Amino acid sequence: MMKEYEEININGIKIKSFESVVSTNDIALEESAEHLLTIVAERQTKGRGRMGRKFFSEEGGLYMSVIAIPEKTKLPFNLITPAAACAVYDALEKIGVCDIKIKWVNDILKNGKKVCGILTQAKSFGKGIEKIVIGIGINLKEPKGGFDESIKQKAAAIEFEGNRLDLAAEISKNIGKKLLLSEQEILAEYEKRLAYIGEERTFCDYANGMQQISGTVVGVNEEGFLKIRSSEGERILSSGEMI
Ligand code: BTN
């Protein structure tokens, strides 16, 4: 049978590079538990986003999933997505992408528009976690026919001309480093890059019956949850998003 992927190693990061897959997260969840093994695809037929949403994955994007082994990270599960967001942020900054911010909890914005989403999943083993899969989708270029109508207003591309596998390897290498930081270090990095600090915004609180809360964005607490100052005092959002 023909091998359906190319395997390459860039700066110590092993990458399995596919043309088209259903979802790189699915492949990574089935792979052996190898720390920082990275699955990359040029397109996905069923890319997944948060809350069971579809993640548009046409050619022109970087779709990748990085495997992380719990024993090789100092961070609890709830800080893995913030750590991955910082890792992507650093890689984008290094290639000269400017005006980027992290939108709590898992998006990266350029000039206020989404250029990257992150979906972290875990594979259980008995009562513990066997491996963590960090799925990252970056709009490198606008798709040929433009972004889908449903995301057109909010999405943008970073207009990347370089080698996508080099970028993937840089992100995976950064993830490896971030996972070895302390909780305080990652929270400080994350908060420094957070969008809307000091601004009045409205959020949907998933943990409280999808209630809407408006208030000033203050930062994140020690668990990576969002702190908002509302007319009723400080509110903490453990799960939710800006609307
Ligand atoms: C979101 O914006 O809600 C998260 C999007 C995560 C998309 C990436 S693309 C690579 C990996 N495979 C998937 O099916 N999803 C993640």
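## Pocket and ligand

On a 1 Å grid over the protein atoms alone, a pocket is an open set of points with protein on both sides within 12 Å along at least five of seven lines, whereas a cavity is a set of points where a 1.4 Å probe fits but cannot get out. A molecule sits in a cavity or pocket if more than half of its atoms lie within 2 Å of its grid points. In this predicted model, the space taken by the ligand is the largest pocket.

The elements that give two or more residues to the shell around the ligand are helix α1 (24-30) and the strands β4 (61-68), β7 (113-125) and β8 (128-139). Helices (H or I, at least four residues) and strands (E, at least two) are DSSP runs, numbered from the N terminus. The most is given by β7, with four residues.

## Basis of the values

The model is predicted: local features need pLDDT of at least 70, side-chain atom pairs count only at pLDDT 80 or more, and totals for chains, interfaces and linings use all residues. Residues are numbered from 1 along each chain as its sequence is written, and side-chain values use heavy atoms, with hydrogens and water left out.

## Contacts of the ligand

There are 20 residues around the ligand, and S23, Q44, R48, R50 and K114 come nearest; a residue is near a molecule if one of its heavy atoms lies within 4 Å of it. The shell divides into five nonpolar, 11 polar and four charged residues. In this division Ala, Val, Leu, Ile, Met, Phe, Trp, Tyr, Cys and Pro count as nonpolar, Asp, Glu, Lys and Arg as charged, and the others, Gly among them, as polar.

Polar contacts are pairs of N or O atoms within 3.5 Å; within protein, one must be able to donate a hydrogen and the other to accept it, and residues adjacent in sequence count only if both atoms are side-chain atoms. A polar side-chain atom of K114 is 2.5 Å from an oxygen atom of the ligand, and one of S23 is 2.8 Å from an oxygen atom of the ligand. For Q44, an N or O atom in the side chain lies 2.9 Å from a nitrogen atom of the ligand. The ligand taken alone exposes 410 Å², and the protein buries 98% of that. Accessible areas come from the Shrake-Rupley method with a 1.4 Å probe; for residues, only the protein chains shown count as cover.

## L36 and T38

L36 is found in the loop between α1 and β3. Its phi is positive, about 70 degrees, although L36 is not a glycine. L36 counts as buried because its relative accessibility is 15%, where buried means under 20% relative accessible area, exposed over 50%, and partly exposed in between (1.4 Å probe, protein chains only).

T38 lies in strand β3 (residues 38-44). With a relative accessible area of 0%, T38 is buried. A polar atom of the T38 side chain lies 2.9 Å from the backbone oxygen of L36.

## Other backbone features in loops

M51 lies in the loop between β3 and β4. Phi of M51 is near 55 degrees, a positive value in a residue other than glycine. The relative accessible area of M51 is 48%, so M51 is partly exposed.

A cis peptide bond joins W104 and V105, with omega of about 5 degrees. V105 lies in the loop between β5 (100-103) and β6 (107-110).

T120 is found in strand β7 and is buried, with a relative accessible area of 16%. The side chains of T120 and T81 are joined by a polar contact of 2.7 Å. G137 has its place in strand β8 and counts as buried at 5% relative accessibility. G137 and I8 are 129 residues apart in sequence, and their C-alpha atoms are 20 Å apart in space.

D205 is in strand β9 (residues 200-205) and counts as buried at 1% relative accessibility. Q211 lies in strand β10 (residues 211-220) and is partly exposed, with a relative accessible area of 38%. The C-alpha atoms of Q211 and G240 are separated by 9.5 Å, and the two are 29 residues apart along the chain.

Methods. On a 1 Å grid over the protein atoms alone, a cavity is a set of points where a 1.4 Å probe fits but cannot get out, and a pocket is an open set with protein on both sides within 12 Å along at least five of seven lines; lining residues have an atom within 4 Å of a point.
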